[in-house]
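I opened my notebook to look at how the parts of this structure touch. Here is what I looked up, step by step.

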Amino acid sequence: MRDNTLKYLLVLPAVLVVFVTAIWPLIEAARLSFTVGRLNRPGSLDQYLGWENYLWAFFEEPAFWNSVWVTAIYTLLTVGLTTVFALGLALLLAPGGRLRSSAQALLILPFAMSPALIGVSFRFMFNPEFGLFDAFFGIVFPPLADVSWLADPQLALAVVVMADVWGWIPFLTLVLIGGLASVPRDTVEAAQVDGASGWRVFKDVTLPQLAPVLAVVVILKSIFSLKTFDQVFMLTNGGPGTATQTLSHYIYFNGMKYGQIGYSASVAWLMVIPMIFLTYAYAKFVFRKADQ
Amino acid sequence: MTGKQKKQIFGAIQTALILIAMFIMLVPIIWIFLAAFKSHVDVYQLKLFFTPTLENFSVVFDDPYRLGEKLLNSTIVAFVTILFAIPIATLAAYSFSRFSMRGETLMLVTILATQFVPAVVIILPFFVMFRDIGLLDTRLGLILVNLAIVMPFAIWMIKGFIDGIPMDTEEAAMVDGSSRLQVIRNIVLPMAAPGLLTSAIFCFIIAWNEFLFALILTNKDAVTLPIGLGLFKGEEGDLWNLLSAAGIIIMAPMFVLALMIRKYFVQGMTMGAVR
């Protein structure tokens, strides 16, 4: 067979799988978003009502805006905190050596841990009666000892953010260590010889060189933060009330608990829009790398 | 203070910071490990020293929890998912790597982009369809949707590995009269084997830990391990010792697998944006 035909045949199965498992659901979700779409009402999945679902989300549903707000704060906090901590840890671990290498090896563990399990373990640690944090603050800072972390709206959000940051710091750190390794040694040394302080070297030499990797990390983490579901479900299930209800959780709840498939599909599509911009930005970085 | 002393103090501070960071990284994991070996009474007291028991591990496999069934489901689903995904992804990755095609960039970007589609968007239409054709609560249904999250990673990761294999051996074999398919089978596959294994393990971990699809699609027969965590609720709330034992069963095998592919973890997660 000629390569010209073969090359298309080789990608065909993969393209088909991607189409069926990802493209079709996107299109079908778009269609559903314009229907009445009640799970318990036969025929309502083909009953069209125009932009009604979208208008409903925008103008009639404070819970929708609440989840947008929660997701926005959550994303800002997790992306910011994870990036800052990961950068610090990467600078600390990058030089290598025995202690640092074994520390780097440990960083793989949270990736292997199911996000649902991370949620469970944080719920466990923040238990007000016998949780680890309860005991910890009992010794270090007694006023915080008997706080019911997960019963307070703000603190619950803080705990969810903490669990996320804990789970993602390792991955970002490993990426940034890789990025630091590609910062040329001699530029750094030249700056040091010229008498630049550690902070100046970092700010004027290391950081600019690291910028592309940092951008990749921030985009990627933003995408994952926006999608967050697993930990939230296991840790707080959106509560107390709707204080930690992210968009994914809101969509899940409306679609699966209330059977409003049409409405939740419209919210789901609203969520896809920021993803398109982020993916575009990310793809640009991937292909810039591939062209080199 | 001399410069040397300054350096020593600075070094000591760094070492301390590293140790603290490692401690924070390990605490939630250690906490689960400890609780899994505690008896029901000890869990509710913050003891660091206690008589370890293996009882939790046998309780979770008994009625009514039957974690063994979930373990089997998770294993089958994750395994069959990669059994489909890796060969399909390998063929595509080879083609993307070696040929230039019309629409190649568009295809690659689309594949990359599907990875970023929120899982909750994908699952709504699948839930409706599976309900209509009777695939709800089946392992087959779960395998199908798992392909959605695994394929983009697999294609991009394997493409990265094949890009790294020099083309001259292939060209020499073609000159000697081998066909393209023979070249793929006899030359590319053996050389790419470690990369394929790495990608398979990476995808296995992702499929194993997958939560949202299984939560929505399964309720009894096809329940996987992460969803099984929801079982351990008693009348007075969570049964932490059992939850922890189940947690170990979920994460311990993945720790081993993850350590095996440690070097390629970053490349896999970023789909080649960072190497």
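I began with the domain assignment of chain B, which gives domain 1 (3-36) and domain 2 (63-270). I kept in mind that this is a predicted model. The C-alpha centres of these two domains of chain B lie 34 Å apart.

Next I asked myself how many residues of domain 1 of chain B are in contact with domain 2 of chain B. I found five, and they meet six residues of domain 2. Together the two domains of chain B bury about 520 Å², with 87% of that on carbon and sulfur atoms. Ile32(B), Phe33(B) and Ala36(B) supply 69% of the area on the domain 1 side, more than any other three residues.

I noted zero salt bridges and zero residue pairs in polar contact. The touching side of domain 1 of chain B has five nonpolar residues, no polar and no charged.

After that I turned to the two chains. Their contact takes 86 residues from chain A and 92 residues from chain B. The area buried between chain A and chain B is about 8,200 Å², and carbon and sulfur atoms give 84% of it.

Which links cross between these chains? I found two salt bridges and 11 residue pairs in polar contact. One of the salt bridges joins Arg180(B) to Asp3(A), with the closest N and O atoms 2.7 Å apart. On the chain A side, helix H1 (residues 3-32) brings the largest share, 21 residues. By class, I noted 69 nonpolar, nine polar and eight charged residues on the side of chain A that touches chain B.

Key: Residues numbered from 1 in each chain as written. Chains lettered and ligands numbered in written order. Predicted model: local features only at pLDDT ≥ 70, side-chain atom pairs only at ≥ 80, totals over all residues. Heavy atoms only, no water. Domains from an automatic or database assignment. Contact = heavy atoms within 4.5 Å. Buried area = accessible area lost by both parts, 1.4 Å probe. Salt bridge = Lys/Arg side-chain N within 4 Å of Asp/Glu carboxyl O. Polar contact = N/O pair within 3.5 Å; in protein donor to acceptor, adjacent residues only side chain to side chain. Nonpolar A, V, L, I, M, F, W, Y, C, P; charged D, E, K, R; others polar. Helix = DSSP H or I, 4+ residues; strand = E, 2+ residues; numbered from the N terminus.
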